[in-house]
Amino acid sequence: MFSFLETLFLLCSLALSLALVVPLTGVLVRFRANYNPKGLQLDAEGGAQPYTGPIIRSYFSMFMRVYRIEGVPGLYKGFMPTTLSTLIVTILILLFLDAEPRHGAYRAPDVGILGTLVYSLGMMLISLPTVILTYRAITTPHKLSYFNITQSLRVLLTPTERRRPWILYLTPGLLAAEVSHISLVVLGLAPLRRLLLPSVTKYRLSISDISMFKLTIYFTIVGVSTMILTPLEVIAARLAIQRNHASAEYNSVSQEVEGDAEDMPEYSGAEEDVIGLRSEADPYVGLVDCGKRIIHEEGWTTLYRAWWLTLLGGLASALS
């Protein structure tokens, strides 16, 4: 059991981290989800027209665009589902996984590689619906209420998803992207980290015990893994915002809106969308299909949007 002070400290730490992480994550999701084709688009009559959507070249440009169009409230889109997901996962870890405190943070128990893989996959399955809702809340142009959950769900979910919420797990390619990402980190990076940086993995950071040669090798491996992890993260963001629909007309994964958002307010002064989304009538139908279409329509560099954030995360994990 945890004392009152420990619980209060944990809640304050979570609140502070959410205040910092939510805006940064929201900008990252929008930057990676923004559709920016490199070629001409065809109109209803088959004529070629230049793409007129927003063209954002960097993460920081996206940050400034969000702030300019939607202000501070726009930076905190997705706050409620992120908070709920964080609280649920934290409670599960503390109550059922016998997590131990470490310098004010909490770490899941060390149960070996296979146990860690099962744990990570389990946490992913638990949090996946809220991740999907968070990504959609971030990318919607509408101003959702923090507390009117029913109204927000009508905007973020299709009638099919509201009737059968488990269909979120069947979003084409999304589970494959998440499982691939987790498997690479747990089965690839984690064992190499333990092998090359054993003094760090034992929770005792001693600079004198760290071999600079091994540290350089590990950082090189992290850099190489970034070339695989970043495209998986970009693809996962694109697939998560695709809404499942039963209609054959929309290929079952349309981002269709059936009037549920017509009366929803938008951000004052927002005369343009923050990001552009791919046509709802021609969605991605899987992990490989999404990657191929991104390369064909937008160029391979789109798969590496904000790659440096993935790299920094991998480097930071070496000393965590």
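Helix α7 (residues 174-196) packs against helix α9 (residues 212-240) at an angle of about 170°, and their axes are 9 Å apart. Helices here are DSSP runs (H or I, at least four residues; strands are E, at least two), numbered from the N terminus. Axes are lines fitted to C-alpha atoms, for helices over the stretch in contact, with angles from 0 to 180 degrees between N-to-C directions. α7 and α9 are therefore roughly antiparallel, a term for angles over 145 degrees.

The model is predicted: local features need pLDDT of at least 70 and side-chain atom pairs pLDDT 80 or more, while totals for chains, interfaces and linings use all residues. Residues are numbered from 1 along each chain as its sequence is written, and side-chain values use heavy atoms, without hydrogens and water.

Contact means heavy atoms within 4.5 Å. Among the residues that meet are L184, V185 and L189 in α7 and I221, I228 and L232 in α9.

α9 bends by about 35° at T226, the bend being the angle between axes fitted to the seven residues ending at a residue and the seven starting there. In α4 (residues 112-139), a kink of about 50° lies at S127, shortly before the proline P129.

UniProt, in an unreviewed entry, places "transmembrane region" at spans including 166-190 and 211-232; such annotations may be inferred rather than shown by experiment. Residues 166-190 are 68% helix and 0% strand, and residues 211-232 are 95% helix and 0% strand.

Key:
Angles under 35 degrees count as roughly parallel, over 145 as roughly antiparallel, 65 to 115 as roughly perpendicular and the rest as oblique. The expected span of a helix is 1.5 Å times one less than its number of residues.
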